[in-house]
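Student: I am new to this structure and would like a close look at one part of it. Could you take me through the place where the two chains meet, and then show me what lies around it?

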Amino acid sequence: MAYRLDWLPVLQASQALLSGLAISLEIFLISSIGATLLGLGGASLMLSRHASLRFVATGYVELMRNSPSLVKMYFIYFGFPVLGLFPTAFWSGVIALVLHNAAYMMDIFRAAFASVARGQREAAISLGLDPFLTYRKVLLPQALRRALPGLGNYWAEMVKDTSLTSALSVREFYFVFTSQIALNMRTYEFFLVAGLTYLLLTSAVAAIARLWERALARGEARAR
Amino acid sequence: MRRFFTSALGALALAALMVMGLVTDAGAQAPAPSQLQTVLARGKLIVGTRSSAIGFSFKDQKGELAGFDIDLARLLAQQIFKDPSKVELVVLSGSADRVPALVSGRVDAVISSFSPYPERVQVIDFSAPYALSDTVFVVRADSPFQKNADLVGKTVLTRQGADLEQMINGSVPGTKIEGFPELSDAFLAFRQGRGDAFFYERAAAYYLMKGTGGRFRVIDDKANPIAASGISIGLKQGDQVWINYINWLLYDLKANNKLQALHQKWFETDALQPSWVKQPL
């Protein structure tokens with residue numbers, strides 16, 4: 001006998017699902033902005049003239065990339081109490097996602113800055129721009145455009161990574177729909193809805209990254 | 001943007017295909033042969049279970065599956081094939097896998113401390129109950145909590161699931177519930193003082209409290225018991241021949257005192273036997 005889909009349990013849980021979705025979006029926004037800014041700062045260290053700073057930054061990237069973000073979440077949530085610190089589940093998850101993904105973003109930004117022609121910096125300095133303006137007005141816009149395809153991928157990845165925080169009891173989207181399944185066993189219905197929801201979110205994030213990239217490309221074309 | 005819409009449309013089409021594939025008009029089909037024939041022809045029983053339900057199905061010190069549910073699966077194989085080894089245990093990764101395992105036909109039965117709530121019985125069928133679920137609150141020994149109602153407004157740590165939340169809210173409304181996918185993580189968080197109480201099956205609670213040196217105790221609140229439920233074997237919906245067969249196997253186990261012996265072995269009490277198991281023949 002075939003399985004009959006029944007959407008009523010999903011409708012009945014819609015309130016809980018929406019509040020879970022709101023928390024997922026909150027985790028995503030805080031952790032993706034945090035990871036991107038940290039990645040941008042870290043990339044400057046990787047390109048620094050000082051070998052010790054480069055060493056620290058490269059060491060950080062290697063350390064972070066060689067362990068799963070879930071392990072970091074556990075480490076923060078269950079490990080810090082040993083030191084007398086009790087971070088909440090929400091912030092343990094967010095901090096782990098920022099630390100983990102920043103490492104990948106550092107590498108993306110490093111490559112992007114390295115690909116900006118050396119002459120650009122020399123020209124800016126010879127025009128009398130100070131180092132900050134050179135960075136802000138000349139190097140950053142060009143590097144950002146080159147970084148955006150990679151960043152967009154990681155942002156989409158981070159949308160999905162928000163579900164990992166459910167392991168620490170955060171009531172985000174994945175937590176809510178798997179909890180509902182535990183009650184009513186409507187696995188197919190909830191997974192279909194959840195899959196489509198994640199697809200819509202990641203598609204939206206990818207679309208925003210593409211639009212931003214295109215806007216920067218137009219700016220660069222005008223400048224030529 | 002266009003690419004975004006095409007991919008979203010593609011997903012919707014895929015979903016629609018899955019829906020059509022899953023929902024067919026059962027009335028138009030000839031009655032399918034029972035799972036009983038499939039099992040007999042195959043020569044072995046395939047049982048879905050989990051490895052994280054302490055007391056029921058879990059990994060023992062040797063890393064092997066053990067527990068009430070595992071022994072029950074072997075007893076069923078003994079009854080069907082006169083050989084307790086003619087059972088294949090499929091370890092499901094979580095509670096959400098129990099229904100797809102049945103619906104897709106990957107397993108013949110799910111024996112995994114499975115409680116038949118009204119919501120669940122709309123989706124699959126269940127055997128007669130072979131045990132009762134007995135859930136309790138665990139608190140620190142020096143805490144002031146004596147009754148379940150003392151936990152109103154407190155933080156309770158437990159395994160993740162709206163089923164458990166419904167149970168807790170039913171007996172102690174207004175508690176703050178934090179659920180973890182892994183029961184051991186919930187207990188670890190409780191030990192670290194992240195909540196006032198831990199909530200789960202009594203058998204699992206006693207197992208987790210082993211070796212904690214009397215730091216914790218169970219709240220025994222006979223006046224305000226937590227909603228009871230049975231524990232049954234999960235079976236695909238609509239196969240009445242197979243359901244009847246499994247029920248008669250359970251009856252046979254009771255008649256020969258084997259079900260009662262399992263209760264004694266794993267729970268060391270007959271308090272979790274449903275009344276039909278306790279009754280004389």
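Tutor: Here is a walk that starts at the meeting of the chains and then moves into each chain in turn.

A word on the ground rules comes before the tour. This is a predicted model, in which local features need pLDDT of at least 70 and side-chain atom pairs count only at pLDDT 80 or more, while totals for chains, interfaces and linings use all residues. Residues are numbered from 1 along each chain as its sequence is written, chains are lettered from A and ligands numbered from 1 in the order in which they are written, and side-chain values use heavy atoms, with hydrogens and water left out.

On one side, 37 residues of chain A are in contact with 48 residues of chain B, contact being heavy atoms within 4.5 Å. The size of an interface is often given as the accessible area lost when the parts come together. Here chain A and chain B bury about 3800 Å², and carbon and sulfur atoms give 63% of it; buried area is the accessible area (1.4 Å probe) that two parts lose on being put together, summed over both.

Now for the pairs that cross this interface. There is 1 salt bridge between chain A and chain B, where a salt bridge is a side-chain nitrogen of Lys or Arg within 4 Å of a carboxyl oxygen of Asp or Glu. A:Arg171 and B:Glu165 form a salt bridge, at 3.0 Å from N to O. Between chain A and chain B there are also 13 residue pairs in polar contact, with both residues at pLDDT 80 or more. A polar contact is a pair of N or O atoms within 3.5 Å; within protein, one must be able to donate a hydrogen and the other to accept it, and residues adjacent in sequence count only if both atoms are side-chain atoms.

Which elements build the side of chain A that touches chain B? At least two residues each come from α4 (69-79), α8 (173-184) and α9 (187-223) of chain A, and α9(A) gives the most, with 10 residues. Helices (H or I, at least four residues) and strands (E, at least two) are DSSP runs, numbered from the N terminus. By class, this side of chain A has 25 nonpolar, 8 polar and 4 charged residues. Ala, Val, Leu, Ile, Met, Phe, Trp, Tyr, Cys and Pro count as nonpolar, Asp, Glu, Lys and Arg as charged, and the others, Gly among them, as polar.

Staying in chain A, look at the loop between α8 and α9, where A:Arg186 sits. A:Arg186 forms a salt bridge with A:Asp6, with the closest N and O atoms 3.7 Å apart. This pair links distant parts of the chain, 180 residues apart, with A:Asp6 in the segment before α1 (8-12). A:Arg186 is buried, with a relative accessible area of 4%, whereas A:Asp6 is partly exposed at 25%. Buried means under 20% relative accessible area, exposed over 50%, and partly exposed in between (1.4 Å probe, protein chains only). A:Arg186 also forms a salt bridge with A:Glu189, at 3.4 Å between the closest N and O atoms, and both of these residues are buried.

Another spot in chain A is A:Thr134, in helix α7 (residues 131-161). A:Thr134 is buried, with a relative accessible area of 2%, and its side chain reaches the backbone oxygen of A:Asp130 at 2.8 Å.

B:Asp163 and B:Arg120 form a salt bridge, with the closest N and O atoms 3.2 Å apart.
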